[in-house]
Amino acid sequence: ANSGLGFPANKRITVNLAPADLPKEGGRFDLPMALGLLAANGQIDASRLARFECAGELSLAGELRPVRGALAMALAMRQAARQGEAGRELLLPAASAAEAALVDGLVVRQAAQLLDVVAALQPEGEALA
């Protein structure tokens, strides 16, 4: 709401963070959950979103804050790409993207604000840095 984006009103929203037995801590799921809601509500292009793996904590003002484990995420994505899941890009807050960019053979994108990501995921949006 603080970013001027709509929230699906009068709809039931379920976010499944499976598997339940693994601990979930920190705000790294903020950005993917926000983008999922925006895609479900038609505010971003879901087909463009599908090529990204995302992590990032959102401030109330829509700023993306760094998350721990960016290097591990990048290494896991590179391993998945070697096993046939190529073509996906990693989208992170700027400070986390610098860490993930140390991994060769992986496209890492960065953004400072949720609105930057939303603009890039429009049908005619420009790619993120």
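The dialogue below reads some packing and strand features of a predicted model.

Student: What are the ground rules for this model?

Tutor: Local features need pLDDT of at least 70 and side-chain atom pairs pLDDT 80 or more, while totals for chains, interfaces and linings use all residues. Residues are numbered from 1 along each chain, and side-chain values use heavy atoms, without hydrogens and water.

Student: Which residues have the most contacts inside the largest nonpolar core?

Tutor: A nonpolar core is a set of buried Ala, Val, Leu, Ile, Met, Phe, Trp, Tyr and Cys residues joined through side-chain atoms within 4.5 Å; buried means under 20% relative accessible area (1.4 Å probe, protein chains only). Here the largest has 18 residues, and Leu35, Ile44 and Val117 have the most contacts inside it. At least two of its residues come from each of α1 (30–40), β1 (52–54) and α5 (114–120); helices (H or I, at least four residues) and strands (E, at least two) are DSSP runs, numbered from the N terminus.

Student: Which residues of α1 are buried?

Tutor: An α-helix has 3.6 residues a turn, so residues three or four places apart point the same way. In α1, Leu31, Ala34, Leu35, Leu38 and Ala39 are buried. They line one face of the helix, because they fall within an arc of 135 degrees seen down its axis (the arc is that of directions from the helix axis to the C-beta atoms).

Student: How many bridges join β4 to β5?

Tutor: Strands pair if DSSP finds at least two bridges between them. Parallel strands β4 (residues 89–93) and β5 (residues 108–111) are joined by four, with proline 93 opposite alanine 111.

Methods. Buried < 20%, exposed > 50% of the residue type's maximum accessible area, 1.4 Å probe, protein only.
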